[in-house]
Amino acid sequence: MEKFEEIGKRLEEELARLRKFVDEEVAPATERRTAQVLREASEKLSEAARKLEARVAARGSQTSTDAKS
């Protein structure tokens with residue numbers, strides 16, 4: 001029975017080390033990368049919005065030119 005207790009204690013210690021590693025090493029790196037990806041996506045979405053607005057503006061000026069003819 002002592003072997004099982006030793007195994008259980010050792011397992012709990014290893015799980016605590018794993019949790020600490022994930023909290024201190026993996027999570028911050030993942031959060032930094034996620035923030036970077038979100039910034040890049042935001043820039044691309046802003047660029048796409050500018051292109052759409054330019055297309056709409058071009059159509060609007062073309063439509064007003066056609067109406068005057």
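Predicted model: local features only at pLDDT ≥ 70, side-chain atom pairs only at ≥ 80, totals over all residues.
Reader: Why is the contact between Arg 10 and Glu 14 called a salt bridge?

Author: A salt bridge needs a side-chain nitrogen of Lys or Arg within 4 Å of a carboxyl oxygen of Asp or Glu. The closest N and O atoms of Arg 10 and Glu 14 are 3.4 Å apart, so the pair meets that rule.

Reader: How are Arg 10 and Glu 14 placed in helix α1?

Author: They are four residues apart, so about one helical turn separates them.

Reader: What makes Arg 10, Glu 14 and Arg 17 a network?

Author: Glu 14 pairs with Arg 10, and Glu 14 also meets Arg 17 in a salt bridge, at 3.0 Å from N to O. These salt bridges link the three residues.

Reader: How do you know whether Arg 17 is buried or exposed?

Author: Exposed means over 50% relative accessible area. Arg 17 has 57%, so the residue counts as exposed. Glu 14, at 28%, is partly exposed, because its value falls between the 20% and 50% limits.

Reader: What about Glu 47 and Lys 51?

Author: Their side chains form a salt bridge at 3.4 Å, N to O, and both residues lie in helix α1, four residues apart. Lys 51 reaches 51% and is therefore exposed, whereas Glu 47, at 38%, is partly exposed.

Reader: Why can Leu 18 belong to a nonpolar surface patch?

Author: Patch residues need over 30% relative accessible area. Leu 18 has 49%, so this residue passes that cut-off. The patch covers about 510 Å², and Phe 21 and Val 22 are among its other members.

Conventions. Residues numbered from 1 in each chain as written. Heavy atoms only, no water. Patch = residues over 30% accessible without salt bridge, like charges linked within 9 Å, V, L, I, M, F, W, Y side chains within 5 Å. Areas by Shrake-Rupley, 256 points an atom, 1.4 Å probe, with all protein chains shown as cover. Buried < 20%, exposed > 50% of the residue type's maximum accessible area, 1.4 Å probe, protein only. Helix = DSSP H or I, 4+ residues; strand = E, 2+ residues; numbered from the N terminus.
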